[in-house]
Amino acid sequence: MSAFGFRKSRQFLAKVALTAGLMASFSHFSTLASAEETGILNLGDTVITGFSGVMEPTTEAPDLTNNSVLDETLINPDGISARITSVAAPGYIWDARVWPAYLMKEFHAKDIGQVFGVTLDDAKFPNIYFAASSAYGLQLVLPDADNDGRPERIKTGEAGDAWMDGQWGTADTKGAVGSLGGPGSIWKVDGVTGEVSLFANVQLGGVDNKGAGLGNITFAADMQQIFVSDLSTGMIHRFDLAGNEIETFDHGVTGRTAANLAPVPHDPASVVDIASSDFDTEDTETWGFTDKDRRVYALSYHDGRLFYSVVGGSQIWSMGFEKDTGKFEQSAQWELDVPKKPKALPVTDIVFTNKGAMVLAQRGAIKSTYDYLNFADYGKSRTYRYWLENPDDVNTPSRWIAESEEYAVGFEGEQRATDGGLDVNYGYTQEGYLDTGSCEASLWTTGDNLRNNKDLSEALLKGGALVIDGVQGMPASPVKQYLVDNNSPPWASYMVDNDEANTPQVDFNNDPTIYNDLTTTGWMGDLVSYHVGCTGVAGGGYWGGAGYGWPQGPAYSTDTVYVPEDTTPPYVTECTPGVDCPTDPKMCAKTSGEFTCDGATGTWTYKGVLGVTQAFNADAIKVTQTSAGTSIPGGSTLPFSSPASFFEMKDGAPGQLMSASLCIFNAADAASGKPFDCCKTTIAVKAPSTICVKK
């Protein structure tokens with residue numbers, strides 16, 4: 001994972017007739033701005049943070065039995081600490097396969113250091129804000145003593161030591177005073193130019209954060225202010241958009257006192273000294289974190305209140321603001337306790353939906369191993385959803401329904417693989433393209449080891465590597481608690497590997513590289529999605545609407561459109577609209593069908609009835625296989641007949657979501673080499689939840 005990598009894939013808007021000219025400009029959405037006015041973010045883009053990776057000695061492969069190798073293994077300052085990723089156009093229905101999403105822009109450790117929290121403002125071209133973090137360890141060095149051109153790595157503090165390069169950033173394009181970053185730095189990325197500058201260095205009473213770093217960061221649109229939590233002092237700081245600090249809030253004293261709890265004041269003696277032998281890079285208790293009962297982590301501004309998580313007790317609190325002055329109210333309100341079983345873990349991200357749900361992501365307990373492999377415990381961190389009581393039950397202590405709901409993240413074990421970052425985004429059409437008309441219909445979260453499940457490995461392997469660290473996108477509605485359609489395990493998902501190069505293609509025991517998705521945990525961080533225009537009722541998208549479940553019936557047809565393609569027949573060839581393009585046959589086909597079990601082979605086969613709704617001289621169907629675990633009986637080109645067997649499931653898993661794309665055309669027209677009509681439709685179905693038993 002020394003340098004997160006992505007491949008590029010074409011993205012485009014769906015459900016519109018596209019001209020050949022538009023086909024050449026699919027790399028960006030341009031619906032909100034002209035070509036002369038563009039920002040670095042497009043609708044639906046996701047900003048993801050994570051560890052930047054390491055530089056290993058180049059003289060030999062790393063050997064964990066030889067400590068000198070680890071002594072020379074350093075943070076990679078050219079590694080990617082954050083990236084802008086387009087998730088606009090997978091081009092297929094979510095079916096849990098590995099998807100090489102499009103990397104739009106990257107930010108390096110030498111500029112912003114190691115960051116976790118990320119937020120956007122609401123400028124015309126939104127600016128990005130990153131918060132410095134110790135979530136991926138704290139690393140120290142001494143000056144080069146063996147003349148190899150590399151500093152000497154150390155485990156405990158010593159006189160004359162310093163932070164390792166790449167631990168904190170140094171970029172400042174504006175030349176501000178104090179441009180060198182540190183544990184309290186907030187970095188700003190200009191939404192137009194992409195330039196990085198130091199937004200602010202968080203202090204308390206003129207004293208810098210010495211090592212614990214910041215928690216998370218959020219933006220309040222109606223106040224035009226930035227809020228950030230300081231893990232060293234427990235304070236919540238708020239800044240104007242010029243980077244000037246306005247005020248601080250002390251939960252340990254003011255918040256707890258308002259709830260009739262004993263105050264827990266900040267202890268200045270807890271501030272860390274990295275030159276002291278008491279500081280240990282592998283012992284997080286020596287890093288200067290404030291007391292857990294005053295340690296604030298996640299932040300989210302919603303409905304005029306600032307919600308925040310407190311590490312001690314795994315609690316969620318909120319505070320309001322004075323109407324006249326806009327200052328923090330000198331009070332706070334306890335909201336709820338997050339379940340502490342099987343383990344009490346910190347909530348590191350909070351998101352609210354327009355429907356009123358509060359979604360929380362936990363991160364595994366922080367750890368730091370000298371080999372850089374593990375930064376957070378794995379397999380116990382959960383993603384929760386809470387709803388307000390309606391009406392509020394005065395007999396319960398919280399205004400939130402006590403029973404939480406939980407999302408399935410990853411395929412392994414209890415499906416609790418989140419790395420603590422989440423956000424909602426737009427939904428998707430059945431063809432797999434971002435639908436900006438469906439607000440908050442998808443939920444995205446960072447995670448470890450997302451596709452590993454030995455019982456489902458045969459089906460999962462057909463969709464890519466089993467062990468990937470990255471992000472999981474899924475329908476925002478279904479949770480484990482639903483009796484049906486609970487998306488557990490998360491077959492309805494887009495799985496993005498944050499660095500495909502870190503996924504071994506051979507058995508790990510034969511792989512000389514130790515830094516890969518099999519061995520690392522906690523390398524993923526937070527994320528935020530750029531979505532606007534979602535002030536109304538959320539919903540829609542492929543999974544959504546009034547029922548928030550699977551489409552009624554086994555087949556789900558979509559409006560179809562004529563789409564010029566630059567591929568070989570039987571798809572239509574490139575043409576000039578208004579000159580030689582065929583007529584756009586919208587709403588040209590509908591499908592319905594069902595799965596049948598072939599007891600002789602133990603295979604589920606989907607047979608569909610296809611009806612063309614416009615006059616169309618069609619005699620052939622091109623079927624494109626799009627989902628893992630399926631095959632197309634009789635070849636990919638079928639005679640236009642009804643019913644037709646569109647695909648069969650030989651290796652797919654029970655309950656798997658799968659799709660097939662159809663092009664209905666006239667074979668003679670296709671053979672002419674000239675543009676021809678192609679009626680396109682997508683079949684999206686959920687496989688039976690039972691196994692087809694071979695008799």
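Reader: How many of the residues of the protein chain count as buried, and what makes a residue buried here?

Author: In this predicted model, 58% of the 695 residues of the protein chain count as buried, and a residue is called buried because its relative accessible area is under 20%. The accessible surface of the protein chain comes to about 27,100 Å², and 50% of that surface belongs to carbon and sulfur atoms.

Reader: What does the protein chain hold in helices and strands, and what share of its contacts joins residues at least 24 apart?

Author: The protein chain has six helices and 41 strands. Among contacts between residues at least 6 apart in sequence, 65% join residues at least 24 apart.

Reader: Why is the pair of R150 and E72 called a salt bridge?

Author: The side chains of R150 and E72 meet at 3.3 Å, N to O, and the cut-off for a side-chain nitrogen of Arg and a carboxyl oxygen of Glu is within 4 Å, so the pair qualifies as a salt bridge. The structure holds 13 salt bridges.

Reader: How do you know that E72 is buried?

Author: E72 has a relative accessible area of 14%, and the limit for a buried residue is under 20%, so E72 is placed in that class.

Reader: What makes D250 and R294 a salt bridge, and which parts do they tie together?

Author: Their side chains meet at 2.9 Å, N to O, and this distance is set against a cut-off of within 4 Å, so the name applies. For the salt bridge of D250 and R294, the positions are strand β18 (residues 245-250) for D250 and the loop between α4 (251-258) and β19 (296-302) for R294, so parts 44 residues apart in sequence are tied together. Both D250 and R294 are buried.

Reader: What makes R385 and E405 a salt bridge, and are they buried or exposed?

Author: The side chains of R385 and E405 meet at 2.7 Å, N to O, and the cut-off is within 4 Å, so the pair is a salt bridge. For the salt bridge of R385 and E405, R385 lies in strand β25 (residues 383-386) and E405 in strand β26 (residues 405-406), so the pair ties together parts that are 20 residues apart in sequence.

Reader: Where do β25 and β26 stand in their sheet?

Author: They belong to an open sheet of four strands in the order β23-β24-β25-β26, where the pairing is antiparallel. The edge strands are β23 (347-352) and β26, each pairing on one side only. Five bridges join β23 to strand β24 (residues 358-362), and V351 stands opposite V359 in β24.

Key: Residues are numbered from 1 along each chain as its sequence is written. This is a predicted model: local features need pLDDT of at least 70, side-chain atom pairs count only at pLDDT 80 or more; totals for chains, interfaces and linings use all residues. Side-chain values use heavy atoms; hydrogens and water are left out. Buried means under 20% relative accessible area, exposed over 50%, partly exposed in between (1.4 Å probe, protein chains only). Helices (H or I, at least four residues) and strands (E, at least two) are DSSP runs, numbered from the N terminus. Contact means heavy atoms within 4.5 Å. Accessible areas come from the Shrake-Rupley method with a 1.4 Å probe; for residues, only the protein chains shown count as cover. Two strands pair if DSSP finds at least two bridges between them.
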